[in-house]
Amino acid sequence: STRDYIMLALTANMGLRVGELVQLKFEDFLPQQGIALIKTLKQKEAVVDELNVDKGVFELVDEWKRSSGRSRGWLFPGKNPEQPITIRGAQKIFERAARDAGIETEAPAALADANNARGKGIHSLRHYRGTVLATSGADMPTVARQLRHKSLQATQAYFDTLNESSAVRKVGTLKITDSNKR
């Protein structure tokens, strides 16, 4: 579906955590400033980070506005439109797309985190984004800023695994294109 395509494309292009993805609202995208507002809880306190994004992200959001007929509120509402899609709901969308593409979604162990012990699932798209940035020549502070890492140590894994990362390259074969629309 268009929703699934846009959800996965935004996750991959912005390096979002699934918890950040499901909290997005249309109002969080500010094309005039070239940023998206990313909301997270850090030590039980709500924090808003400004993420620099390219015009392709805004084009996806505009496409979703046209397709969904909405321009306010949750970007991806759940069954109850007053609530966002659940984390599990977003994960299922990713699993279905990966299965349809015939790929496994396991990231290298070095990139797995405590909440995603084996690096599987929609979080693989975040790792994909970090790897794309690292392989395209971005320096470590830039990758850390884009992924909203607290320390460069977390970012170092993307640089350590550049040559051994066949699993992350496989995630890159997940075709997030118009052909995934149904």
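The legends below describe several close-up views of one predicted protein model.

Because the model is predicted, local features are given where pLDDT is at least 70 and side-chain atom pairs count at pLDDT 80 or more, while totals for chains, interfaces and linings use all residues. Residues are numbered from 1 along each chain as its sequence is written, and side-chain values use heavy atoms, with hydrogens and water left out.

**View 1. The whole protein and its order of elements.** The protein contains eight helices and three strands, where helices (H or I, at least four residues) and strands (E, at least two) are DSSP runs numbered from the N terminus. Read from the N terminus on, the elements follow the order α-α-β-β-β-α-α-α-α-α-α. Of the 182 residues in the protein, 46% are buried, a word used here for a relative accessible area under 20%, whereas exposed means over 50% and partly exposed lies in between (1.4 Å probe, protein chains only). Among the contacts with a separation of 6 or more, 61% are made by residues 24 or more positions apart, and a contact means heavy atoms within 4.5 Å.

**View 2. The open sheet of three strands.** The strands are arranged in the order β1-β2-β3, and their pairing is antiparallel; two strands are said to pair if DSSP finds at least two bridges between them. Because β1 (29-30) and β3 (45-52) stand at the edges with a single partner strand each, one side of each is left without a neighbour in the sheet. Two bridges join β1 to β2, with Phe29 opposite Ala36 and Leu30 partnered by Ile35. Between β2 and β3 there are eight bridges, again in the antiparallel sense, and here Ile35 stands opposite Asn52, while Ile38 stands opposite Asp49.

**View 3. The two hairpins of the sheet.** The hairpin of β1 and β2 has four residues between the strands, and Gly34 takes a positive phi near 70° in this hairpin. In the hairpin of β2 and β3, two residues lie between the strands, and Gln43 has a positive phi near 55°.

**View 4. Helix α1 against helix α5.** Helix α1 (residues 2-14) and helix α5 (residues 123-135) pack at an angle of about 40°, with their axes 7 Å apart. The angle makes α1 oblique to α5, since angles under 35 degrees count as roughly parallel, over 145 as roughly antiparallel, 65 to 115 as roughly perpendicular and the rest as oblique. Axes are lines fitted to C-alpha atoms, for helices over the stretch in contact, and angles run from 0 to 180 degrees between N-to-C directions. On the α1 side the contact is made by Leu8, Thr11, Ala12, Asn13 and Met14, and on the α5 side by Leu125, Tyr128 and Arg129. These residues divide into five nonpolar, two polar and one charged.

**View 5. The largest nonpolar core.** This core has 35 residues, and those with the most contacts inside it include Leu10, Met14, Leu21 and Phe29; a nonpolar core is a set of buried Ala, Val, Leu, Ile, Met, Phe, Trp, Tyr and Cys residues joined through side-chain atoms within 4.5 Å. The elements giving two or more residues to the core are α1, α2 (18-22), β2 (35-42), α3 (55-68) and α4 (87-101). Helix α1 gives the largest share, eight residues. Apart from this core lies another, of six residues, among them Ala134, Ala138, Val143 and Leu147.

View 6. Phe94 has its place in helix α4 and is buried, with a relative accessible area of 1%. Although Phe94 and Leu8 are 86 residues apart in sequence, their C-alpha atoms are 7.0 Å apart in space.

**View 7. Met14 and Arg148.** Leaving aside residues up to four places away in sequence, Met14 touches several residues, including Phe29, Ala36, Ile38, Arg129 and Arg148. Arg148 is found in the loop between α6 (140-147) and α7 (152-160), and at 8% relative accessibility Arg148 counts as buried. Arg148 has a positive phi of about 60°, although it is not a glycine.

Methods
Ala, Val, Leu, Ile, Met, Phe, Trp, Tyr, Cys and Pro count as nonpolar, Asp, Glu, Lys and Arg as charged, and the others, Gly among them, as polar.
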